[in-house]
Amino acid sequence: MTDQEIFERLRSILVETFDIEADRVSPQAKLYDDLDIDSIDAVDLIVKLKPLVGKRLQPEAFKAVRTIQDVIDALQGLLTAGAEVDGSPAAA
């Protein structure tokens with residue numbers, strides 16, 4: 001899955017779940033400051049992201065996440081790690 005595909009899915013989740021206007025969601029957008037995502041919302045977001053990687057997400061993996069790009073990078077890392085474990089090539 002590409003970064004752009006992850007971004008599109010993430011934006012869709014934020015718009016549908018948190019009623020955030022799509023034009024406010026950019027890779028540089030800060031979750032707390034720009035999008036008003038608090039800690040409770042962040043847990044909900046992690047639950048919504050689970051199907052994207054197909055496994056349980058550990059909240060610890062998202063502790064350093066501050067922007068949408070940070071979320072994309074964290075998910076890409078989980079997808080890459082999963083692909084390496086499965087023996088299939090990592091998605092770029």
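Good morning. I begin with Thr-67, which sits in the loop between helix 2 (39-53) and helix 3 (68-86). Please bear in mind throughout that this is a predicted model.

Is Thr-67 buried or exposed? Thr-67 is buried, because its relative accessible area is 16% and the cut-off for burial is under 20%. Leaving aside residues up to four places away in sequence, Thr-67 is in contact with Pro-27, Gln-28, Ala-29, Lys-30 and Leu-31.

Let me now turn to the protein as a whole. There are 3 helices and 0 strands, and the order of elements from the N terminus is α-α-α. The protein has 92 residues, and 33% of them count as buried. Among contacts with a separation of 6 or more, 52% join residues 24 or more positions apart.

Next, helix 1. This helix covers residues 3-18, which is 16 residues. From first C-alpha to last, helix 1 reaches 21 Å, close to the 22 Å expected at 1.5 Å a residue. Which residues of helix 1 are buried? They are Ile-6, Phe-7, Leu-10, Ile-13, Leu-14 and Phe-18. Viewed down the axis of helix 1, these buried residues fall within an arc of 125°, so they line one face of the helix. After helix 1 comes Asp-19, whose phi is positive, near 55°.

I move on to the largest pocket. Its volume is about 400 Å³. The lining of the largest pocket consists of 18 residues, and those nearest its centre are Leu-31, Ala-42, Phe-62, Val-65 and Arg-66. Which helix gives the most to this lining? Helix 2 does, with 6 residues. Leu-31, one of the residues nearest the centre of the pocket, is also one of those that Thr-67 touches.

Finally, I come to Lys-50, a residue of helix 2. Lys-50 counts as partly exposed, because its relative accessibility is 42% and that class lies between the 20% and 50% cut-offs. With residues up to four places away in sequence left out, Lys-50 touches Lys-55, Arg-56 and Leu-57. How far apart in space are Lys-50 and Leu-75? The two residues are 9.6 Å apart, C-alpha to C-alpha, while 25 residues apart in sequence.

Thank you for your attention.

Conventions
Residues are numbered from 1 along each chain as its sequence is written. This is a predicted model: local features need pLDDT of at least 70, side-chain atom pairs count only at pLDDT 80 or more; totals for chains, interfaces and linings use all residues. Side-chain values use heavy atoms; hydrogens and water are left out. Helices (H or I, at least four residues) and strands (E, at least two) are DSSP runs, numbered from the N terminus. Buried means under 20% relative accessible area, exposed over 50%, partly exposed in between (1.4 Å probe, protein chains only). Contact means heavy atoms within 4.5 Å. The expected span of a helix is 1.5 Å times one less than its number of residues. The arc is that of the directions from the helix axis to the C-beta atoms. On a 1 Å grid over the protein atoms alone, a cavity is a set of points where a 1.4 Å probe fits but cannot get out, and a pocket is an open set with protein on both sides within 12 Å along at least five of seven lines; lining residues have an atom within 4 Å of a point. Grid points are joined across faces, edges and corners, and a volume is the space filled by probe spheres set on the points.
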